[in-house]
Amino acid sequence: KVGPHTTLHSYGAERGMSLHVLDTDPDSLSKGGAFEDVSRVEKFEISEEAYAKRGDTARNFITNLQTTRPDLFQKEKKEGGCESCVCERPGTPENIKDTYKIGSRCEVQPGGRRGEVAYVGPVDGMKGTWIGVKLDEPLGMNDGCSKSGKRYFDANGPRYGCFSKHDNVQVGDFPERDPFADLEDEI
C-alpha cells in the first residue's frame with residue numbers, strides 16, 4: 001500500500017542500484033530548475049557577533065574538543081619521521097598485468113563506471129601503478145592523456161577515459177549498460 005511513509009525499498013530498490021526518476025508533474029518545481037539553481041534558494045545568514053554569543057556552535061565544539069582531547073588533533077609519526085593521518089593504500093600486486101589484461105571488461109569505483117582496461121603502468125606526475133580505463137559513458141576526467149599531455153590510450157572522446165588505482169577497479173563480466181533498458185515502449 002502506498003502512503004506518505006512508503007520507502008523505495010518497498011518497491012524492491014536495493015543499496016547500490018541506479019534509479020531513473022521521471023518527473024511528470026506539470027507544476028513541479030524541478031521543471032523550472034529550482035533544484036539546480038542555488039541562487040534561487042534563500043540562505044540562512046547570521047552575524048559574527050550573534051554567532052559568537054551562541055553556545056551550541058560547531059566552533060565552540062571544536063575548541064572544546066581541542067582542549068579536552070588534544071590527541072585527536074595530533075598527526076601520527078610514521079617511520080622515517082613522516083607525519084600523516086592518511087592510511088596507506090595497498091601495494092601493487094606482482095601479477096597486476098595478468099589480473100588487469102588490456103581489453104578486459106571492468107567496473108571502476110566510485111560510481112560503478114564501466115569500460116575496458118586500456119593501460120596498466122606508471123603515469124607521468126603520479127606515484128605508483130595505474131589502470132587506464134576506456135569508459136562506456138563520458139564519466140571520466142580525460143581522454144586517455146595524463147595531465148602532462150602524454151597519451152597512454154585512445155578513448156572514445158573527452159571524458160571517456162580515467163586512470164584509477166587497482167583497488168578501485170574490478171575486472172569481470174560487466175557488459176555495457178543500455179541507457180534505455182528501463183524505459184517502457186512508447187508507441
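The model is a predicted one, in which local features need pLDDT of at least 70 and side-chain atom pairs count only at pLDDT 80 or more, while totals for chains, interfaces and linings use all residues. Residues are numbered from 1 along each chain as its sequence is written, and side-chain values use heavy atoms, with hydrogens and water left out. Strands (E, at least two residues) and helices (H or I, at least four) are DSSP runs numbered from the N terminus, and two strands are said to pair if DSSP finds at least two bridges between them.

**The sheet**

- An open sheet is formed by 5 strands, which follow one another in the order β6-β5-β4-β3-β7 with antiparallel pairing.
- Because β6 (161-164) and β7 (169-171) stand at the edges and each has a single partner strand, one side of each is left without a neighbour in the sheet.
- On average, and with direction ignored, neighbouring strands of this sheet are turned by 45° against each other, where the strand axes are lines fitted to C-alpha atoms and angles between N-to-C directions run from 0 to 180 degrees.

- Strand β4, residues 113-123, pairs with strand β5, residues 126-135, in the antiparallel sense over 8 bridges.

**Asp71 in its loop**

- Asp71 is placed in the loop between α2 (58-68) and β1 (76-77), and its relative accessibility of 43% makes it partly exposed, a class that lies between buried (under 20% relative accessible area) and exposed (over 50%), as computed with a 1.4 Å probe on protein chains only.
- The side chains of Asp71 and Arg69 make a polar contact at 3.0 Å, a term for a pair of N or O atoms within 3.5 Å of which, within protein, one must be able to donate a hydrogen and the other to accept it, with residues adjacent in sequence counting only if both atoms are side-chain atoms.

**Cysteines**

- With a disulfide taken as a pair of cysteine sulfur atoms within 2.5 Å, the count comes to 0 disulfides.
- Cys106 is in no disulfide, since the nearest cysteine sulfur, that of Cys162, is 7.5 Å away.
- Cys106 is buried at a relative accessible area of 0%, and Cys145 also counts as buried, at 18% relative accessibility.
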